[in-house]
Amino acid sequence: MAAAVIDPLTGIMLSVFRVNARLLEKGDELVAPLQLTSARWQVLGAIALADGPLTAPQIAAAMGVTRQGVQKQLNLAMQEGWIQPGDNPRHERSPLYALTRAGRRVYDAAMALEQNWSEALSAGLDAGELAVALRVLKALEERLAETPLPVRGRRA
């Protein structure tokens, strides 16, 4: 049986799904010695890379995940002492979350592991091609946000 022919964009989408699954799996393995998961690492990263404390919805938007998923990871990270909630003058029921010193240490340790992993993964890959791939993925991300889905039952 011949393999179905797929257009390049569908091929990219399928590859992104597989790469995402593998990144989460390997990320979990990478940061397991730090008692982290990829999901918790993402939440710590969103806060670490922000200009200041963030709300759960802001973290969710920054990482492209659900607010409920973020809240679960925030709660677990607070139990570990990595994140602390603070008052939010704009919304009393939506605290602002910041890293604690322990949270910053574990995040920095995870990023040191990631740096070594990233160097190993990129060995032998062309930097120009990686830059093009990044531009294409960013453009697709923007188009996904802007392009409406087709109306059900109708084809474009």
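In the predicted model, the axes of helix H2 (residues 38-49) and helix H5 (residues 101-122) approach within 10 Å and cross at roughly 105 degrees. Because angles of 65 to 115 degrees count as roughly perpendicular, H2 is described as roughly perpendicular to H5. On the H2 side, the contact involves Trp41, Leu44, Gly45, Ala48 and Leu49. The residues contributed by H5 are Arg104, Val106, Tyr107, Ala110, Met111 and Glu114.

Gln73 is located in helix H4 (residues 67-80). With a relative accessible area of 9%, Gln73 is classed as buried, since the limit for that class is under 20%.

A nonpolar patch on the surface is formed by Ile6, Leu9, Ile12, Met13, Leu14, Val16, Phe17, Val132, Val136 and Leu137. Together, these residues present about 810 Å² of accessible area. The elements giving two or more residues to the patch are helix H1 (8-31) and helix H6 (127-146). H1 supplies the largest share, namely six residues. Val136, one of the patch residues, lies in helix H6. The relative accessible area of Val136 is 37%, and this residue is therefore partly exposed, a class that lies between the 20% limit for buried and the 50% limit for exposed residues.

Definitions and conventions
Residues numbered from 1 in each chain as written. Predicted model: local features only at pLDDT ≥ 70, side-chain atom pairs only at ≥ 80, totals over all residues. Heavy atoms only, no water. Patch = residues over 30% accessible without salt bridge, like charges linked within 9 Å, V, L, I, M, F, W, Y side chains within 5 Å. Areas by Shrake-Rupley, 256 points an atom, 1.4 Å probe, with all protein chains shown as cover. Salt bridge = Lys/Arg side-chain N within 4 Å of Asp/Glu carboxyl O. Helix = DSSP H or I, 4+ residues; strand = E, 2+ residues; numbered from the N terminus. Buried < 20%, exposed > 50% of the residue type's maximum accessible area, 1.4 Å probe, protein only. Axes fitted to C-alpha atoms, helices over the stretch in contact; angles between N-to-C directions. Parallel < 35°, antiparallel > 145°, perpendicular 65-115°, else oblique. Contact = heavy atoms within 4.5 Å.
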